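I am opening my notebook for a look around a protein model.

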Amino acid sequence: MMDLEGGVHANHAKKESWRAVLTLAYQSLGVVYGDLSTSPLYVYKSTFAEDIQHSETNEEIYGVLSFVFWTLTLVPLLKYVFIVLKADDNGEGGTFALYSLLCRHARVNSLPNCQSADEELSEYKKDGAGSTETPNFGSRLKSALEKHRVLQRFLLVLALIGTCMVIGDGVLTPAISVFSAVSGLELSMEKEHHKYVEVPAACIILIGLFALQHYGTHRVGFLFAPVVVTWLFCISAIGLYNIFHWNPHVYRALSPYYMYTFLKKTQRGGWMSLGGILLCITGSEAMFADLGHFSQLSIKIAFTSVVYPSLILAYMGQAAYLSQHHLIGSDYRIGFYVSVPEKLRWPVLVIAILAAVVGSQAIITGTFSIIKQCSALGCFPRVKIVHTSSKIHGQIYIPEINWILMLLCLAVTIGFRDTNRLGNASGLAVITVMLVTTCLMSLVIVLCWHQSVFFAIGFIFFFGTIEALYFSASLIKFLEGAWVPIALAFIFLIVMYVWHYGTLKKYEFDVQNKISINWLLSLGPSLGIVRVRGIGIIHTELVSGIPAIFSHFVTNLPAFHQVLVFLCIKSVPVPHVRPEERFLVGHIGPREFRLYRCIVRYGYRDVHKDDLDFEKDLVCSVAESIRSGKVGINGLDDNSEKDEEKMTVVGSSSTHPEGIKMCDDDADNAQVAGTSELKEIRSPTVGRPRKRVRFIVPESPKIDRGAREELQELMEAREAGIAYILGHSYVKAKPGSSMVKKLVINYGYDFLRRNSRGPSYALCVPHASTLEVGMNYLV
């Protein structure tokens, strides 16, 4: 009976898990596959635009169908579904996920303030980053990457190129998807009229799409999957109708033989037309990039069971129709809508526009996400990040980027006004991202998976050859539109690298000019100044030592707060940091100095808390470290590794149900918490404001008198208020620096710093409690 019951519970759990997987698979159709699903709108039209002609022998259309089938099979299905999806970074995917994996395994982190303590994070170690079972070639490759800065910079630039092309795709995909969907109007009106309707209609839809971004997708997100499912049903049903009605034998064109006959007949024109065929896999990278929102299994199920069969049927149906129609009237000639039965064209047009909007929405959201990752890892200027949903992780909106994308999108739509040049531009962006993924994956196979070097060579040779063929066909169209993603990527790459270089030099200046602990000890517990009530939080990028800006404060201000916290908010190369591992806390100098260092660690996909929650967690983390007695004296020497050993990991207050609690009460209404396990430490009420702070600490373990006094003083300081002291840096190149360095630092980095969000936005601190002090940096 017990076994039977256990079997019933196991089956129920299994059904529940499968139900969750299938639900995720259904939702992924709207988020992941919108762009890929709308590719039949423009693939054939772009392929037959200039380079090849549709002839009576049907060799061209059969060859194109064969190329489309095998490209869809080898790249999205074989490469992404069966190989690349397994290279997730603790459930996250995308270009920066691969780069993050390599940073941890080969220690080539681009972040300057990394610590050995970061390697103890759960997500840092989960994928076996500390494993030493590396093949000989892998160990040699790892040591080469760690020794040579040139290789590290090359790896960073490679990741940034892939990121820049994703941003370029965020400009081009909405343009080509919406414009191709609207192009169906050509068959419903005269040639003289449709060209005056097509571009304005596409621009109106695009403006509406970008204007609604600040509302987030959670209000209409439930419509995404039904729209894409309806679209996939339409194109597969129309495809089946065209196959059976026009050419039931079109399936023979799936043979690779037709690719050979196609290239043999068309030669250079056929090779150049590969830039149009390439568009059939636009959106494939989204399977990997959006992995963090779903699961590997759900994305695989959605693609193999729904998306892949529907796309194959759609392309076969179009080819079947075109194989029987060689003299199509008007200049429209070959396209998606000519193969749609006339009575269904208007409903299909509406569904196509909706599907194009959904696909565009997904790539815009993906662009916001990857820019947030770049900013967290110090490779993009600080921008305002708005979380549009408190329930759904990862839904963000970046105002500055949104309007820049909209202007660029409208510019290319109005400037090109045809799917051919838009397709050339989009194709180059897509295939460049795939080539970057292939290169990074080959390194992941050796360094992270510890597989044979022959497997990595085979991977990069097989898929790299395919993608290089398409890349060459796209690059040859440089003057016909392919220059756009190169220009966009170049601009964004310059911005990213200048910001990263300036940030790195600024940090190096901080490290070289940090204050000696002996200078601090010589001042005594009062630091040579009057210590007033309150907590002073000094923001610094340093993870060890005392920043030079502190001496600037001490020498220029007549008084300072009784409790000082040197706060470092930093990103680590993992997607998420668990709340219980968020804070690293330690003393600076003797305990009576009341100086603390608090390092707050976030992953590149983490959400930063607002000011009230952050302040509470910060104070509680310091209080909990004092109560537990684990806070050693940090910073008595200049050895950063020893400093790290003396710091303790403290989670946020919500992760310690049995730890210290902090309450804000009105002085007149405060009640003592009387439980058997908790005891209250209260601050005196004489001469104090009505709102006061209480620490409620567990009875066990007992705390010594010194710790109790320290907690009392911290509580009184918190009651008096918190002030944030931020350094406002003016970075200039040293005299005698090269002309290039002066140009980059004095003009490039300075311009980006002046026009990006300041540290107060990154900290989410109230402006009334913020003090900014300027300081010159000569780097």
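**Entry 1: salt bridges**

Before I start, I write down what I am looking for: a salt bridge is a side-chain nitrogen of Lys or Arg within 4 Å of a carboxyl oxygen of Asp or Glu. I also note that this is a predicted model.

With that rule I looked up the total, and the count is 15 salt bridges.

I began with Lys 79, which forms a salt bridge with Glu 467. The closest N and O atoms of this pair are 2.6 Å apart, so the pair meets the cut-off of 4 Å. Where do Lys 79 and Glu 467 lie? I found Lys 79 in helix α4 (residues 59-82) and Glu 467 in helix α18 (residues 453-475), so the pair ties together parts that are 388 residues apart in sequence.

Next I checked how covered the two partners are. Lys 79 has a relative accessible area of 0%, and Glu 467 has one of 1%. Buried means under 20%, so Lys 79 counts as buried, and so does Glu 467.

**Entry 2: salt bridges inside a helix**

I then turned to Lys 505, which has a salt bridge to Glu 508 with 3.5 Å between the closest N and O atoms. Both residues sit in helix α19 (residues 483-512), 3 residues apart, which is about one turn of the helix.

I looked up another pair, Arg 753 and Asp 750, whose side chains meet in a salt bridge at 3.0 Å, N to O. Arg 753 and Asp 750 are 3 residues apart in helix α25 (residues 739-754), so about one helical turn separates them. Here Arg 753 is buried at 12% relative accessible area, and Asp 750 is buried at 11%.

One more item for this page: Glu 59, Glu 60 and Lys 265 are linked in a network of salt bridges.

**Entry 3: the chain as a whole**

I stepped back to view the whole chain. I noted 26 helices and 13 strands. The chain has 779 residues, and 56% of them count as buried.

How much accessible surface does the chain have? I wrote down about 32700 Å², with 61% of it belonging to carbon and sulfur atoms.

I also looked at contacts between residues at least 6 apart in sequence: 82% of them join residues at least 24 apart.

**Entry 4: cysteines**

How many disulfides does a search of the whole structure find? The search finds 0. Cys 379 is buried, at 0% relative accessibility. I checked Cys 280 too, and it is buried at 0%.

**Entry 5: aromatic rings**

A pair of aromatic rings is described by the distance of the centres and the angle of the planes. I counted 17 aromatic pairs in the structure.

Phe 69 and Trp 70 make one of them, with 5.1 Å from centre to centre and 80° between the planes. Planes over 60 degrees apart count as edge-to-face, so that is my label for Phe 69 and Trp 70. Phe 69 is buried at 15% relative accessibility, whereas Trp 70 is partly exposed at 27%.

The rings of Phe 416 and Trp 483 have their centres 6.5 Å apart and their planes at 85°, so I noted this pair as edge-to-face. This pair links distant parts of the chain: Phe 416 is in helix α16 (residues 399-416) and Trp 483 is in helix α19, 67 residues apart. Phe 416 is buried at 8%, while Trp 483 is partly exposed at 39%.

I also found a cluster in which ring pairs link Tyr 62, Tyr 257, Tyr 258 and Tyr 260.

**Entry 6: positive phi values**

Most residues other than glycine have a negative phi. I therefore looked for residues that go the other way.

Asn 90 has a positive phi of about 55° although it is not a glycine. I located Asn 90 in the loop between α4 and α5 (95-106), and at 19% relative accessibility it counts as buried.

His 450 also has a positive phi, near 55°. I found His 450 in the loop between α17 (419-447) and α18.

Notes. Residues are numbered from 1 along each chain as its sequence is written. This is a predicted model: local features need pLDDT of at least 70, side-chain atom pairs count only at pLDDT 80 or more; totals for chains, interfaces and linings use all residues. Side-chain values use heavy atoms; hydrogens and water are left out. Helices (H or I, at least four residues) and strands (E, at least two) are DSSP runs, numbered from the N terminus. Buried means under 20% relative accessible area, exposed over 50%, partly exposed in between (1.4 Å probe, protein chains only). Contact means heavy atoms within 4.5 Å. Accessible areas come from the Shrake-Rupley method with a 1.4 Å probe; for residues, only the protein chains shown count as cover. A disulfide is a pair of cysteine sulfur atoms within 2.5 Å. Rings of Phe, Tyr and Trp (its six-membered ring) pair if their centres lie within 6.5 Å; planes under 30 degrees apart count as stacked, over 60 as edge-to-face and the rest as tilted.
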